[in-house]
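Hi,

Here is the structure I promised to pass on. Have a look at it first, and then read my notes below.

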Amino acid sequence: GTCITNGSTLTLIDKVAPAITSTVATNVSDCNTANGTITITATSAQGSVEYSIDAGASWQPSNVFSALAAGTYQIRVRNIDETCEVSDADVTITQPVTPSITTVASNDPTNCGVNDGDITITATGSSLEYSIDGGTNWQAGNMFNGLAAGTYNISVRNGDATCETLYTSN
């Protein structure tokens, strides 16, 4: 006779890709600082995920990346078992632009004991503030009048108080 065996079926289960729900960045707050952040929110029905901001070259279990410099970061998330890598849009972190002091022109007082000297600072940047006392006091205008003879320490910064630049004469 013929022998018939009832076999059981075998089901192969596909992996489940993670889903990235948000990627939030904070920009660098001041020049020559690396304090930008990226926070990625993602989930997977398969459990834990890991995160990358360098297109998958390196991974970490934390979804928060800190101490970042200005630049463009490639967002990736994958399951903890290294399967089902997914991408989100690249994130660009910016930083304030450093102002540059172009020239400092000055006129000495016209006579002994007369406080009519002046200093004019020319700098590149937008919404700048100017100081002649090393950054203690700031003003929006680049001209300082009614000055006595003496030494003045010239500084320029962005109007939001970032990226202070000190003048060094050549």
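Leaving aside its neighbours within four places in sequence, which residues is Thr165 in contact with? Keep in mind that this is a predicted model. In it, Thr165 touches Thr98, Pro99, Ile101, Ile154, Ser155 and Val156. You'll find Thr165 in strand S14, which covers residues 165–166. Its relative accessibility is 17%, so Thr165 counts as buried, the cut-off being under 20%.

Now for the cores. The largest nonpolar core has 15 residues, and Ile38, Ile40 and Ile53 are the ones that touch the most other members. Strands S2 (36–43), S3 (49–52), S4 (64–68) and S8 (91–93) are the elements that each give two or more residues to this core. S2 gives the most, with three residues.

Not counting residues up to four places away in sequence, Ile38 has a list of contacts including Val24, Ile53, Phe65, Leu68, Tyr73, Val91 and Ile93. There is also a second, separate core of 11 residues, and among them are Ile101, Leu147, Ile154 and Val156.

Ala69 counts as partly exposed because its relative accessibility is 37%. Beyond its neighbours within four places in sequence, Ala69 is in contact with Val28, Ala34 and Ile93. The C-alpha atoms of Ala69 and Thr94 are separated by 8.1 Å, while the two residues sit 25 residues apart along the chain.

Cheers

Technical notes:
Residues are numbered from 1 along each chain as its sequence is written. This is a predicted model: local features need pLDDT of at least 70, side-chain atom pairs count only at pLDDT 80 or more; totals for chains, interfaces and linings use all residues. Side-chain values use heavy atoms; hydrogens and water are left out. A nonpolar core is a set of buried Ala, Val, Leu, Ile, Met, Phe, Trp, Tyr and Cys residues joined through side-chain atoms within 4.5 Å. Buried means under 20% relative accessible area, exposed over 50%, partly exposed in between (1.4 Å probe, protein chains only). Helices (H or I, at least four residues) and strands (E, at least two) are DSSP runs, numbered from the N terminus. Contact means heavy atoms within 4.5 Å.
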